[in-house]
Amino acid sequence: MKYALRNTWTCQRGKSPEAMTGFKAVAENYRGMGVPTRLYVDISGDMDVIVMELEIDSLDEYFKDQRAFYAGMDDATKGLIDGLNENTSSGKRVLYEIIEF
């Protein structure tokens, strides 16, 4: 079974370009680990929105890896995450099961 994990962030007004720089780095990291990753930005609807979508094979492995990542962050990575948090005002996570047909 595969899953699509869609994280959506609303950026502070005018901060989307700064935030996107950080999200691109995060997305490249996921891709480097072999996780299919896409970034999206708004064209219509709410403004200043960035979406990162991951395709994952195991929820257990994903959340285990997430806990290990945050527990073992170096100072440069903490700075990157802090920058993302400073440029965003809210976020949400939606998990989908991918149906193969």
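Predicted model: local features only at pLDDT ≥ 70, side-chain atom pairs only at ≥ 80, totals over all residues.
## Packing of α1 and α3

Two packed helices are described by the angle between their axes and the distance between the axes. Helix α1 spans residues 16-32 and helix α3 spans residues 75-87. Their axes come within 9 Å of each other and cross at roughly 140 degrees. Helix α1 is therefore oblique to α3, because only angles over 145 degrees count as roughly antiparallel. The crossing of the two helices is left-handed.

On the α1 side, the contact is made by Glu18, Ala19, Gly22, Phe23, Ala25 and Val26. On the α3 side, Leu80, Leu84 and Asn87 take part. By class, the residues of this contact comprise 6 nonpolar, 2 polar and 1 charged.

## Val26 in helix α1

Val26 belongs to helix α1 and is one of the residues through which α1 meets α3. Leaving aside residues up to four places away in sequence, Val26 touches Met52, Leu80 and Leu84. Leu80 and Leu84 are also listed on the α3 side of the helix contact.

Residues up to four places away in sequence aside, Asn87 touches Cys11, Gln12, Lys15, Glu18 and Ala19. Asn87 and Ala71 are separated by 16 residues in sequence and by 22 Å in space, C-alpha to C-alpha.

Asn85 also lies in helix α3. With a relative accessible area of 51%, Asn85 is exposed, since that class begins over 50%. Asn85 is 73 residues from Gln12 in sequence, while the C-alpha atoms of the two are 9.9 Å apart. Gln12 is also among the residues that Asn87 touches.

## Aromatic pairs

The structure holds 3 aromatic pairs. One of them joins Tyr62 and Phe63 in an edge-to-face arrangement, at 5.0 Å centre to centre and with 75 degrees between the planes. Tyr62 is buried, at a relative accessible area of 7%, whereas Phe63 is partly exposed, at 31%.

Another pair is formed by Phe69 and Tyr70, with ring centres 5.0 Å apart and planes at 85 degrees. This pair is edge-to-face as well, because an angle over 60 degrees places a pair in that class. Phe69 has a relative accessible area of 31% and is partly exposed. Tyr70, at 45% relative accessibility, also counts as partly exposed.

## Asp48 in the β2-β3 loop

Most residues other than glycine have a negative phi. Asp48 is not a glycine, yet has a positive phi of about 60 degrees. Asp48 is placed in the loop that runs between β2 (37-41) and β3 (49-56).

Conventions:
Residues numbered from 1 in each chain as written. Heavy atoms only, no water. Helix = DSSP H or I, 4+ residues; strand = E, 2+ residues; numbered from the N terminus. Phe/Tyr/Trp six-rings, centres within 6.5 Å; stacked < 30°, edge-to-face > 60°. Buried < 20%, exposed > 50% of the residue type's maximum accessible area, 1.4 Å probe, protein only. Axes fitted to C-alpha atoms, helices over the stretch in contact; angles between N-to-C directions. Parallel < 35°, antiparallel > 145°, perpendicular 65-115°, else oblique. Left-handed = near helix turned anticlockwise from the far one by under 90°. Contact = heavy atoms within 4.5 Å. Nonpolar A, V, L, I, M, F, W, Y, C, P; charged D, E, K, R; others polar.
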